[in-house]
Amino acid sequence: MKLGMTRVILLTGAVLSLGLASGCATTSQQSAPPAAEQNTAAKDAAAQAIADAKAAYAEAEAKGYAWTTTGPLIAKAEKAFKAGDYQKATELANKAKAEAEASINQYYLAKGLANLQQLQKMKSMMNSDQLAQLKQAEQYYSESKGKPLYDLTEKLLAEMKGAKMSSYSVVKGDTLWGIAGKTDIYGNPFEWPLIYKANAAKIHDPDLIYPGQDFTINRQASQAQIDAAIHHAKTRGAWKLGEPTSSDLDYLMSGPAQ
């Protein structure tokens, strides 16, 4: 009897031990992610990093600003990926992407600077809001923010080019004919008499103007005044440098400057 009871107790203990061992093993498997899943996640992350690097590099190449070191970095990332070293592949791809983005920023900085230099020559034509935008653009340049600089200067430059000038400073080689023909003045050289009349106190002979003279550009001319200016330009007659013609004087007396 004693032997039988001993065997029962031993068997019971063995069963309990197996149950505990089994329970421990199950708990351990649930808390640790399978190695296969971890590897798949690393592989997917590396593949995405390489794809992102390639996209950024393609944009840099299209703009003609790609660095010579970026392509080889991507090639190394792809080699590491094929070898199953996904961590290294991700690191190399991220470095390549950073290089490509830096080169794209250089592109926008160069384009933005060219715009900025044009805009700085137009300061005298700007209103307070446009001057504030110009100041912001200069700040973007000082902070090397290429895309914001480019976007802002493109917008402001288009706005300024679309605006009509209300004043003009004469430079060497200018004529009233040439000034009136400028797209941001009248866009029609035959309208030069409008400038002549608006600045009669500064212009003795419309055929003789000087660098540094500042002319008011009449933006309020009626259609009748524009027609009269064009008519005078086409029928002015013979002229002599240094002297206004009689028709010039008649035109000045024909009506108001505005």
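**Burial, pocket and helix contacts in a predicted model**

Modeller: In this protein of 258 residues, 31% count as buried, where buried means under 20% relative accessible area, exposed over 50% and partly exposed in between (1.4 Å probe, protein chains only). The model is predicted: local features need pLDDT of at least 70 and side-chain atom pairs count only at pLDDT 80 or more, whereas totals for chains, interfaces and linings use all residues. Residues are numbered from 1 along each chain as its sequence is written, and side-chain values use heavy atoms, with hydrogens and water left out.

Biologist: In what order do the elements of the protein run from the N terminus on?

Modeller: Helices (H or I, at least four residues) and strands (E, at least two) are DSSP runs, numbered from the N terminus. The secondary structure comes to ten helices and two strands. From the N terminus on, the order is α-α-α-α-α-α-β-α-α-β-α-α.

Biologist: Of the contacts with a separation of 6 or more, what share do residues 24 or more positions apart account for?

Modeller: A contact requires heavy atoms within 4.5 Å. Among contacts in the protein with a separation of 6 or more, the share from residues 24 or more positions apart is 64%.

Biologist: What volume does the largest pocket have?

Modeller: On a 1 Å grid over the protein atoms alone, a pocket is an open set of points where a 1.4 Å probe fits, with protein on both sides within 12 Å along at least five of seven lines; its lining residues have an atom within 4 Å of a point. Points are joined across faces, edges and corners, and the volume is the space filled by probe spheres set on them. For the largest pocket this gives about 230 Å³.

Biologist: Which element gives the largest share of the lining of the largest pocket?

Modeller: The lining has 15 residues, with Trp-177, Trp-192, Pro-206, Asp-207 and Arg-236 nearest the centre of the pocket. Two elements give two or more residues each, α7 (176-181) and α9 (223-235). The largest share, three residues, belongs to α9.

Biologist: How many residues of that lining are charged?

Modeller: Asp, Glu, Lys and Arg count as charged; Ala, Val, Leu, Ile, Met, Phe, Trp, Tyr, Cys and Pro as nonpolar; and the others, Gly among them, as polar. The lining has eight nonpolar and three polar residues, and its charged residues number four.

Biologist: Is Arg-236 buried or exposed?

Modeller: Arg-236 is found in the loop between α9 and α10. Beyond its neighbours within four places in sequence, Arg-236 is in contact with Trp-192, Asp-205, Pro-206, Asp-207, Thr-245, Ser-247 and Asp-248. Its relative accessible area is 9%, so Arg-236 is buried.

Biologist: Are α9 and α10 roughly parallel or antiparallel to each other?

Modeller: Axes are lines fitted to C-alpha atoms, for helices over the stretch in contact, and angles run from 0 to 180 degrees between N-to-C directions. The axes of α9 and α10 (residues 246-253) come within 11 Å and cross at roughly 175 degrees. Angles under 35 degrees count as roughly parallel, over 145 as roughly antiparallel, 65 to 115 as roughly perpendicular and the rest as oblique. The two helices are therefore roughly antiparallel.

Biologist: Which residues in α10 meet α9?

Modeller: From α9, the residues taking part are Ala-228, Ala-229 and His-232. In α10, they meet Ser-247, Asp-248 and Tyr-251.

Biologist: Is Tyr-168 buried or exposed?

Modeller: Tyr-168 lies in strand β1 (residues 167-169). Apart from neighbours within four places in sequence, Tyr-168 is in contact with Asp-174, Ile-179, Lys-182, Ile-185, Gln-213, Asp-214, Phe-215 and Ile-217. At a relative accessible area of 10%, Tyr-168 is buried.

Biologist: How far are the C-alpha atoms of Ser-167 and Asn-218 separated?

Modeller: Ser-167 is in strand β1 and is partly exposed, with a relative accessible area of 38%. Leaving aside neighbours within four places in sequence, Ser-167 is in contact with Phe-215 and Ile-217. Asn-218 is 51 residues from Ser-167 along the chain, and their C-alpha atoms are separated by 8.5 Å.

Biologist: What phi does Ser-144 have?

Modeller: Most residues other than glycine have a negative phi. Ser-144 lies in the loop between α5 (128-142) and α6 (146-162) and is partly exposed, at 40% relative accessible area. Although Ser-144 is not a glycine, its phi is positive, at about 60 degrees.
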